[in-house]
Amino acid sequence: GPGTGGGVGILCCNNVSFVPVSLSTPLCVVAVCIFVGRLITVCSVYLPPGGVYSHCDLADLFDQLPVPFIIVGDFNAHHLSWGCASSDARATHFHGGSRSFSAIDLSLCSPFLVTSVKWQRDDDLHDSDHFPIFISLNDTSAPPVASLLKWKLDCADWNLYQRSLKIDPTIILQSSINVAVDHLTSAILCAAGSSIPKSTGHPRHFSKPWWNEECRAAQKLKQRAWRIFCRFPTTTNLVFFRRLRAKAKFVCRQCQKDLWNRYVLTINHQVSAKKLWSKVRAFAGRPHIPPLPILRIGGDLVSDPQRVCDEIGSKFSFNSSSDHYSTKFQKFKNEAERTRISLGLSGLEDYNLNNIASCVPSFAFSSLFVDDFGLAMRSALMSTLERQLQLALHRLERWSDENGFCFSSQKTVCIHFCRLRNLHLDPDLTLNGTALPVVQTARFLGILLDSKLSFVDHPRFEQFYVTRHNPLLSFGIFVRTLSENFSLPFDSVAVVPLGLAPWSLVSPTCDFSLCVLRKSDTLPAEYLQLFYSHREEFKHFTPIFTDGSKQADVVGAAALCCGRTMSETLNGQSSIFSAEIVAIELALKHVFDAGHRQVFIYTDSLSALKALSVLSDHVDSALRLLVLLQNAGISVCFMWIPSHIGVPGNEAADMAAKAACSVRSDAPVFGADLLALLRRQVLGVWQSHWERETENKLFQIKPKIVCWQSAFVQSRRDEVALCRLRIGHCRLTHGFLMSRDPLPMCVADGVQLSVAHIFTACSRFSIFRFHCFGHRSLLSLDVLDDCH
């Protein structure tokens with residue numbers, strides 16, 4: 001509002017499409033256009049009492065509002081025409097001082113909306129002095145608000161989907177690209193409709209979890225007292241109503257507080273962020289249903305769902321159509337689409353975006369990160385600089401025509417780095433016939449660059465980025481900083497192939513029968529007997545033994561089949577888990593090349609087999625090979641066997657893996673191993689900083705930065721109590737700081753009372769210490785360490 005005496009606002013539900021309406025008026029108003037089957041303008045007005053308003057102000061407001069409109073609000077206008085002096089169902093305001101009712105909340109609408117709306121007042125004040133007013137549309141053509149239909153992929157029947165998917169290869173190979181895409185899309189949707197269920201689309205009812213019978217009973221008593229006061233508006237009944245209203249409010253707040261406290265006690269390190277915030281949203285009872293947007297096209301508001309979808313689809317179609325491509329690239333595109341794609345074991349095809357640097361002249365410097373490209377050059381002569389940069393831009397234009405890329409004219413800018421104080425010319429450059437604007441500041445890879453390279457504006461820009469959801473300035477800057485600070489081998493990271501389709505994955509057959517026996521309680525001879533019994537049962541399967549080894553900073557993997565050894569040396573930063581997976585991949589590649597039809601692979605890595613059995617993302621390469629073998633009709637089974645029990649094949653594979661560790665290798669490191677390396681180095685730097693904090697009392701409690709197993713408890717109350725005992729803070733010893741009492745002293749020993757004194761030296765508790773710890777002498781709080 002214009003002053004501190006009042007204000008106006010409109011709250012719109014998350015699942016309702018709306019756009020604000022700009023108004024130019026001295027009145028305190030706000031308006032939005034909402035879509036409820038059709039566009040309706042809703043305007044909220046507040047006219048403070050005692051203000052002077054003319055008829056022209058209201059008439060000007062009516063002219064600015066798009067029709068049809070509904071105007072609601074507190075006009076503070078009293079007149080008998082709308083029942084201001086009555087206390088019947090038309091009263092909208094209750095004045096507690098005079099115990100009187102009035103109708104000062106007015107509702108106005110367009111003339112042709114009179115027969116389409118229904119006005120109704122709620123009989124409950126809901127702890128306010130204004131009665132809530134409900135305005136509903138009688139038009140049944142308005143569709144109900146429903147959530148978007150979603151595919152339930154977790155409940156999908158992928159076997160039925162594979163059987164229902166009917167794709168005609170003739171249409172794919174011989175028809176045009178549009179016909180082939182339409183056929184493939186319809187086939188996928190038809191198969192998905194019969195095998196993948198959808199959500200109902202009905203709006204969910206979000207109830208308040210803290211609402212219980214006690215709250216319901218308190219609200220009923222409050223409403224009953226209000227009805228009595230409405231019939232007999234006496235002072236006694238008003239006081240009785242206010243008491244019950246205060247009691248109902250207290251009961252609801254207490255129930256909310258109790259439920260929230262119980263929920264907070266269940267929060268520990270094992271609760272995921274997704275589960276935590278889902279519970280918080282459930283407490284608030286707020287639905288999260290994305291509404292269909294209202295588009296503004298040519299000054300007109302478009303709200304019809306069909307037209308909105310058509311406009312968005314046509315925009316996407318226009319942006320991705322072939323009309324933007326050059327003639328040369330369209331010819332290349334048509335030839336490439338007729339080329340058959342090989343889906344064998346060939347390497348990944350390189351994206352043609354990566355060869356953009358090859359067209360840049362040698363005298364210019366280029367930088368490419370994802371889709372951000374930078375071109376730079378330095379020179380003392382502006383004419384030379386301008387000519388050579390323009391030459392590089394011409395080459396980029398030819399490259400974009402040949403590869404089908406288009407540089408955005410809105411995002412491409414030029415910045416001239418120069419510290420000369422005198423007047424000097426800026427370069428005059430063009431790209432695709434459009435002049436590039438010369439700016440003073442530009443953002444590239446999370447850094448705000450200015451023409452003087454002073455980085456004055458960058459701290460404010462950094463603070464803006466930190467306040468957003470992602471605290472990192474930019475992924476590129478973050479990775480570069482890690483690479484420089486921790487010497488991480490980011491340049492030699494292994495390329496991870498794209499994931500397989502979920503319906504093509506089949507969990508392999510894994511035998512974990514030997515895991516039932518504990519190795520510490522089982523003799524090697526018993527293991528051997530069970531292994532040879534298994535081999536006798538599956539003697540027609542070709543056995544393959546795999547193993548991985550890590551010695552110092554050298555890692556090796558090996559597989560053994562029918563006297564033939566396959567080995568490979570990995571990067572020194574690789575883990576033993578990666579070595580075991582690589583050994584299994586060596587075995588699978590050998591099966592593919594040797595032509596075995598039935599194979600049993602034996603490995604002593606239980607973690608690798610469990611990752612395969614649950615189709616983990618860390619074993620995508622092995623799963624890809626398994627899919628190819630299954631499609632070729634080759635049966636592959638796995639079995640876990642304990643290591644170093646005398647199985648000849650396992651011992652030979654172990655020796656071959658150790659032999660592969662004899663030489664170092666510059667092989668690429670896996671992403672999971674790189675993450676583990678980063679975690680170890682960060683913890684190492686953290687530990688070195690922590691060891692210098694010798695004067696910190698917390699260092700005496702926990703000198704090593706490791707996870708305490710004693711913290712893995714289900715109750716947060718127990719974690720808090722144990723933590724406060726360790727740091728020595730509790731109400732008994734530090735309560736005097738809040739109550740301003742004297743320093744607490746031990747009655748038995750006459751010294752200052754502390755947690756350490758109670759556990760180690762207090763004579764009053766010597767019997768309890770002897771009962772709990774025996775004859776052990778406690779010199780410190782070691783009893784609260786993790787090992788205890």
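Where does Ile-167 have its place? Ile-167 sits in the loop between α2 (158-164) and α3, where helices (H or I, at least four residues) and strands (E, at least two) are DSSP runs, numbered from the N terminus. Before I go on, please keep in mind that this is a predicted model, in which local features need pLDDT of at least 70 and side-chain atom pairs count only at pLDDT 80 or more, while totals for chains, interfaces and linings use all residues. Residues are numbered from 1 along each chain as its sequence is written, and side-chain values use heavy atoms, with hydrogens and water left out.

Ile-167 belongs, together with Ile-172, Leu-173, Leu-184 and Ile-188, to a nonpolar patch on the surface with about 390 Å² of accessible area together. Patches are made of residues with over 30% relative accessible area and no salt bridge, like charges being joined within 9 Å and nonpolar side chains (Val, Leu, Ile, Met, Phe, Trp, Tyr) within 5 Å; the areas come from the Shrake-Rupley method with a 1.4 Å probe, and for residues only the protein chains shown count as cover. Helices α3 (169-174) and α4 (177-195) each supply at least two residues of this patch.

As for salt bridges (a side-chain nitrogen of Lys or Arg within 4 Å of a carboxyl oxygen of Asp or Glu), a search of the whole structure finds 5. One of them links the side chains of Glu-213 and Arg-216, at 2.9 Å from N to O, and both residues lie in helix α5 (residues 213-231), 3 residues apart, about one turn of the helix.

Let me turn to the sheets, in which two strands pair if DSSP finds at least two bridges between them. Strand β4 (residues 69-74) runs antiparallel to β7 and is joined to it by 5 bridges, with Ile-70 standing opposite Cys-109 in β7. In the loop between α1 (55-64) and β4 we find Pro-68, which a cis peptide bond joins to Val-67, with omega about -5°.

A further open sheet, again of mixed pairing, has 6 strands in the order β20-β25-β24-β21-β22-β23. Here β20 (509-511) and β23 (564-570) stand at the edges with a single partner strand each, so that one side of each lacks a neighbour in the sheet. Strand β22 (residues 554-561) and β23 run antiparallel and are joined by 7 bridges, and the bridge partner of Leu-560 in β23 is Thr-565. Helix α15 (residues 606-613) packs on this sheet, touching β20, β24 (598-603) and β25 (635-640), where contact means heavy atoms within 4.5 Å.

For the helices, α9 (residues 327-337) and α10 (residues 382-403) pack at an angle of about 35°, with their axes 6 Å apart; axes are lines fitted to C-alpha atoms, for helices over the stretch in contact, and angles run from 0 to 180 degrees between N-to-C directions. In this contact Lys-328, Phe-329 and Phe-332 of α9 meet Asp-401, Glu-402 and Asn-403 of α10.

Finally, Asn-432 is found in the loop between β15 (430-431) and β16 (434-435), and although Asn-432 is not a glycine, its phi is positive, at about 60°.
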